[in-house]
Every structure is written in structure tokens, then in C-alpha cells.
Amino acid sequence: MSVSIKSAREIELMREAGRILANVHEELGKALKPGMSTMDIDRLGEKLIRGYGCIPSFKNYNGYPASICVSVNDEVVHGIPNKHRILHEGDIVSLDAGVIYHGYHSDAARTHAIGKISPEAEKLIQVTRECFFEGIKYAKAGNHLNDISSAIQAYAESFGYGVVRDLVGHGIGEHLHEDPEVPNFAQKKKGIKLVPGMTLAVEPMINAGRADVAWMDDDWTVVTDDGTLSAHYENTILITEGEPEILSL
């Protein structure tokens, strides 16, 4: 496994990629409303990304056909935008997006409420976001990767939620997916030691019910096996000499 340590120049480019992606997410979040199709979200997302002079990381990545992964309700990740898939009041929708800025990627995801949602859905979204922040408390030089993973799992499971095992976070930089894998659940080994200059995409995927997931016939969309809601929260972070820097907030 070769984990790349970013130079000062590479970090600057990734900072800018993250700043742009944070703006894209903010604008997408404001635009969401009942009656929109998931395709509408994708078109707007691609327009925003290209408007900042960036390239969408996901478009044609391993054959993925869109720029924004739009996953509704029981869809965990990688939902393919579709003009017939309409958002309704009470839905929750996870938007996962990436941008390439001068050859460097940033990757982030947010789960949003469409109109008024149930208290249960509200809590799931909130706890999933908190899982990320619980995890990155340990994203410090000298700690091990598993410290992040264990903290995310412990926090999510304290609410009785299921932590998805089939998908994990990842290193990021010149490539969208680099070493190391960043699980959201504890490993037997403590994993690599964290050192300044590492850039990671930390992304809790949390189900209201069991952890089990299934793949739909499109070979992309991942859904909860038991049909319960799922939420996703992700940022690209930089390991520093001190506290981690969140590049995509």
C-alpha cells in the first residue's frame, strides 16, 4: 500500500478544490425542493462544477453516467439521476459529488431533507454528520487509521444504527480513490499511522436499521437490505501537525 503525502503545492490545489466543492454543495442544498427530479439535481450540479472551471470527478468514472450521485431514502449511495425520479415532501436525499481542480480531486457528501421530514429521519441525518466529527477527532498525526474507524462505529451504534460494511472511505488526491481505505467500522489491525500531508475522504454511511445493503440491477445503486432510511456525510480532510483541516467545508 502506498499512501501519498501531499506537497505544499498539492495541498493548495486540494484546498481550492475543496472550497469549490463546498460551494457546489451549498448551492445544491438551497435548490432542493419537492417536484424536482434527481436528473434536475445532476444537471444543476454539473453546471455549477463546470462554472467554477472544474471537471466533475464522477462523470464516466468506471462508467458512472452522471456528475452527482443522488440517493433517495433507502438508497445508501451511487443513485443514478433519472428524470422520472421525483422528490417528494418528506424524502431525504443524499448528494455525493466530487470536483477535479488542476488535476486534484475533492470529494464530499451531504444528506438533505425535502420539505418537512419525520423526527426519525432528522435524527439519522444529524447523527450521521456527527459520526464524521466524532471520527476526525482522532485524525491526528501519530494516531492510527483505526482510531477514526472505531470512533465512527461506536458513535453510530450507540444510537442503534447500522454502519455499512460494504463501502468505505478512501485516500484522495491526483486520483479520486487512493490508498488507504478508510472504513467506518473497527478493524482487527490498527491500520497505518497518520502523518501530516495525508488527505482522506472520511464518509460515514449510516442506516436507520441493519448494516446490510444490496445492489440494484443498474449495478450502481446501493440500497438498505431492510428498506430503512440511510444517510451519508463526507468531507475531504488533511492530516496536519495539529487538528485535521476539513478541506470541503
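Contact here means heavy atoms within 4.5 Å. With that in hand, take Val 93: leaving out residues up to four places away in sequence, Val 93 touches Leu 32, Val 70, Ser 71, Val 72, Leu 87, Arg 110, Thr 111, His 112 and Ile 114. A word on where this comes from: the model is predicted, so local features need pLDDT of at least 70 and side-chain atom pairs count only at pLDDT 80 or more, while totals for chains, interfaces and linings use all residues. Residues are numbered from 1 along each chain as its sequence is written, and side-chain values use heavy atoms, with hydrogens and water left out.

Val 93 also belongs to the largest nonpolar core, which has 35 residues; Leu 28, Leu 32, Ile 41, Ile 68, Leu 87 and Leu 95 join Val 93 as those with the most contacts inside it. Such a core is a set of buried Ala, Val, Leu, Ile, Met, Phe, Trp, Tyr and Cys residues joined through side-chain atoms within 4.5 Å, buried being under 20% relative accessible area (1.4 Å probe, protein chains only). Two or more residues each come from helix 1 (8-31), helix 2 (38-51), strand 2 (68-72), strand 4 (92-101) and strand 5 (104-113). Helix 1 gives the largest share, eight residues. (Helices are DSSP runs of H or I, at least four residues, and strands are runs of E, at least two, numbered from the N terminus.) Apart from this core lies another, of 24 residues, among them Leu 124, Ile 136, Tyr 161 and Ile 237.

Now for a sheet: three strands form an open one in the order 3-12-11, with antiparallel pairing (two strands pair if DSSP finds at least two bridges between them). Strand 3 (75-77) and strand 11 (213-215) are its edges, each pairing on one side only. Strand 11 and strand 12 (residues 222-224) pair over three bridges, and Ala 214 has Val 223 in strand 12 as its bridge partner.

Notes: Buried means under 20% relative accessible area, exposed over 50%, partly exposed in between (1.4 Å probe, protein chains only).
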